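Keep the model open while reading.

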Amino acid sequence: MFRDMLENLRARNPLIHNITNYVTVNDCANIVLACGASPIMADDKEEAAEITAICSGLNINIGTLNSRTVETMLIAGRRANELHHPVVLDPVGAGASKLRTDTALRLLREIDFTVIRGNISEIKTLACGSGSTKGVDADAADKVTEDALDEAVSLAKAFAAKTGAVIAITGAVDVVADADTAYCIRNGHAMMSSVTGTGCQLSAMTAAFAAANPGRPLEAAAAAVSAMGLAGEIAYKRLGEADGNSTYRNYIIDAIYNMTPEKLEEGASYEVR
Amino acid sequence: MFRDMLENLRARNPLIHNITNYVTVNDCANIVLACGASPIMADDKEEAAEITAICSGLNINIGTLNSRTVETMLIAGRRANELHHPVVLDPVGAGASKLRTDTALRLLREIDFTVIRGNISEIKTLACGSGSTKGVDADAADKVTEDALDEAVSLAKAFAAKTGAVIAITGAVDVVADADTAYCIRNGHAMMSSVTGTGCQLSAMTAAFAAANPGRPLEAAAAAVSAMGLAGEIAYKRLGEADGNSTYRNYIIDAIYNMTPEKLEEGASYEVR
Amino acid sequence: MFRDMLENLRARNPLIHNITNYVTVNDCANIVLACGASPIMADDKEEAAEITAICSGLNINIGTLNSRTVETMLIAGRRANELHHPVVLDPVGAGASKLRTDTALRLLREIDFTVIRGNISEIKTLACGSGSTKGVDADAADKVTEDALDEAVSLAKAFAAKTGAVIAITGAVDVVADADTAYCIRNGHAMMSSVTGTGCQLSAMTAAFAAANPGRPLEAAAAAVSAMGLAGEIAYKRLGEADGNSTYRNYIIDAIYNMTPEKLEEGASYEVR
């Protein structure tokens, strides 16, 4: 079924508006191209609504937010909602500062998101309305392990019911859920956390999958999450002894570029709960 | 003849001031280093004139413009004009929003550009004073193919005559023209459009070629365009089965780093009209 | 002895707050991950103090400063001082514009830095209170060669005595000194200057080494400088004929990822003066 999601993405080549941080923006642009979509980055409020309107999807990432870009996020998000375009939220570092938590909560109040993707700390922060996050990575104590999986599924379903969004919690096992159904995805490799921005890249790619598969946000998000994890596995196998996280970064994007619907279908490892 | 252009660039090592977008800025810096120049990025209005003054060339790219940086572009552009430094304009996404179109047109009115480099959609927008662009990539209908080549040559020459700038329209075939002469360049590879910012990189490198070859902007721009395309060809040949757009990005910059005047002279594929 | 510094870094995994330029920020994040720490980038004044407080070290880099981010640097720096966190300054381009020189001097007046890392031109500018720098690279005439080494050692010790900071002057030979002791480090490769941001990366990594080794800033900074240079040597040996500065960039970060305390101890090449 993930096969169709990627086939549609490659066939439809949607244009994706990204308002994202300057740390990982280049990788986000390249992975959006790799998966078959086209990126445009534009964060000035004067053009935000117009750029959103010519795109098919919007990706909002608060990784290096400031007062100027927060306003742009709101403008673009409202316009995307009016146009019924899918909108993805990546609440990077929610819980790490009041500004990030408040901004993420404000975005949640004012914009209808199609998919919200974060680590467990970030999603807990949003679900509880407050939180404490160690920087931009998940708290060690909070990582999604097999043991914590049941709890993560419940959290994701409940938060999906509350927001109407598909919730994607990424970690050792990824959980992608709407109010009723959760995909527990076991693709990926631990070394992915040594590459900055694999989460940001996944969020950008999720917007592309969602834009190419209108009305099917749960399957689209699950396919994106699985594709990213599978790319991490494929890329890891290519690594030589002297390779490290920088080469790994390149190989992950390369693996998305070379991903076929068939490879994704075969390599996807998940159960539905 | 392109041989001399690159020889001069390697010998003179010009310092290039870039006011450019945060998406592809790292690649721009690395390709400027690769071709033999040195980059400096500075976008605050308080230092713009001073930084421009210690440089030999200026590259203005509106890829992620905002009100703060547009003002800086104007200040730096005026100072470069006073000092008779070459100035390159990359009107990324002109036609995609009113802000981008208006900004590009304002820059055109207030600054004398040495070279303007864009895809056919962007250049048409500037030439007509309005336009509609699909994001930051050329409209499919507008791509420079052999069939559309005559029209692109006419457009480039006419717009060059109007602005006094060399016009570089990049696409399947690249056209680089002043009012009288057009180079139609057949270097490059289709996969280059899967790498974000190859156009931005080319614009930054064009500023370096122009700065190292004062008084010869047409040949300098044509050499830069040909070098970029040739690098795309060389890099493509290096790709293995598992490589994708991220490795390709690295190999293109590597190929510029290893480009010699002789390789460029031999590999350049163009006709003059 | 450098062995311990890296062992502590890998064991303690400090979180590092970076306020840095948008040109090289992605590489800074990846090298911080590669060396065993975690990065967070945050440059809005509203969250700066809070983000600094959850981190163990702060890295301030003025590479693309503007009025908004300079204020953030001051707020974060003061908070880090209150918390006795190590703070690194990278005065990119000090001497190249009044804004950069004035900002670096203001930061020096208002914040106690643990380590200041720059090229000889930048450090001279700070030590003299004025200067002229060719862009962001060291003046050719000022490069640290064997001949100029004695002078660089004297400068570093004197400036360290004046500021209370460890001074790291990087060039052909690197000098890392406090008021009494200087490490003259002979690791590195000339090709590193063809990669944008190796200095920025080193500064970010220095903050990580310093945060993981409290009370030992001289040894921590010397270990970071030596590790970066050694990574440049290791990466250079991996290069094939077609590789250039972009692949070299990846291999340098890879080499940091694969650096072991033993490799660093064996590969470090320095004398103490």
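In this predicted model, strand S6 (residues 166-169) of chain A is joined to strand S7 (residues 174-177) of chain A by three bridges. The two strands run antiparallel. They form a hairpin, with four residues between S6(A) and S7(A). Within the pair, Ala168(A) stands opposite Val176(A) of S7(A).

Strand S6(A) has another partner. Strand S5 (residues 115-118) of chain A pairs with S6(A) in the parallel sense, over four bridges. Here Gly118(A) has Ile169(A) of S6(A) as its bridge partner.

Is S6(A) covered on one face or on both faces? Both faces are covered. Val166(A) and Ala168(A) lie on one side, Ile167(A) and Ile169(A) on the other, and all four are buried.

Ile123(A) sits in helix H6 (residues 120-128) of chain A. Its contacts include Ile167(A) and Ile169(A). Ile123(A) also touches Gly118(A), Leu155(A) and Phe159(A), leaving aside residues up to four places away in sequence. Why does Ile123(A) count as buried? Ile123(A) has 27 C-beta neighbours inside 10 Å, and the cut-off for a buried residue is 20 or more. Ile123(A) and Ala156(A) are 33 residues apart in sequence. In space, 8.3 Å separates the C-alpha of Ile123(A) from that of Ala156(A).

Now step back to the whole sheet. It is an open sheet of nine strands in chain A, with mixed pairing. The order is S2-S1-S3-S4-S5-S6-S7-S8-S9. Strand S2 (38-41) and strand S9 (270-272) of chain A stand at the edges. Each has a single partner strand, so one side of each is left without a neighbour in the sheet. On average, neighbouring strands of this sheet are turned by 20° against each other, direction ignored.

Further along the order, strand S4 (residues 87-90) of chain A pairs with S5(A). The sense is parallel, and there are two bridges. In this pair, Leu89(A) has Ile116(A) of S5(A) as its bridge partner. Helix H9 (residues 217-238) of chain A packs on the sheet. H9(A) touches S5, S6, S7, strand S8 (182-185) and S9 of chain A. The direction of H9(A) makes about 165° with that of S7(A).

Chain C contributes 26 residues and chain A contributes 28 residues. On the side of chain C that touches chain A, the elements giving two or more residues are helix H2 (25-35), S2, H3 and helix H10 (245-257) of chain C. H2(C) gives the most, with six residues. By class, this side of chain C has 14 nonpolar, five polar and seven charged residues.

How are the copies related? Chain C superposes on chain A by a rotation of 120° with 0.0 Å of shift along its axis, at an RMSD of 0.0 Å. The two copies are thus related as by a three-fold rotation axis. In chain C, the C-alpha nearest the axis belongs to Tyr22(C), 3.6 Å from it. The copies use different surfaces: 12% of the contact residues of chain C recur in chain A.

Finish in chain B, with two backbone details. Most residues other than glycine have a negative phi. Asn13(B) has a positive phi, near 45°. Asn13(B) lies in the loop between helix H1 (2-12) and strand S1 (15-19) of chain B. Asn13(B) is partly exposed, with 16 other C-beta atoms within 10 Å. His84(B) also has a positive phi, of about 60°. Its place is the loop between helix H4 (67-82) and strand S4 (87-90) of chain B. His84(B) is exposed, with 11 other C-beta atoms within 10 Å.

Key. Residues are numbered from 1 along each chain as its sequence is written. Chains are lettered from A and ligands numbered from 1 in the order in which they are written. This is a predicted model: local features need pLDDT of at least 70, side-chain atom pairs count only at pLDDT 80 or more; totals for chains, interfaces and linings use all residues. Copies are superposed by least squares on the C-alpha atoms of residues with pLDDT of at least 70 in both. Two residues are in contact if their C-beta atoms, placed from the backbone, lie within 7 Å. A residue is buried if 20 or more other C-beta atoms lie within 10 Å of its own, exposed if 12 or fewer, and partly exposed in between; C-beta atoms are placed from the backbone. Two strands pair if DSSP finds at least two bridges between them. Ala, Val, Leu, Ile, Met, Phe, Trp, Tyr, Cys and Pro count as nonpolar, Asp, Glu, Lys and Arg as charged, and the others, Gly among them, as polar. Axes are lines fitted to C-alpha atoms, for helices over the stretch in contact, and angles run from 0 to 180 degrees between N-to-C directions.
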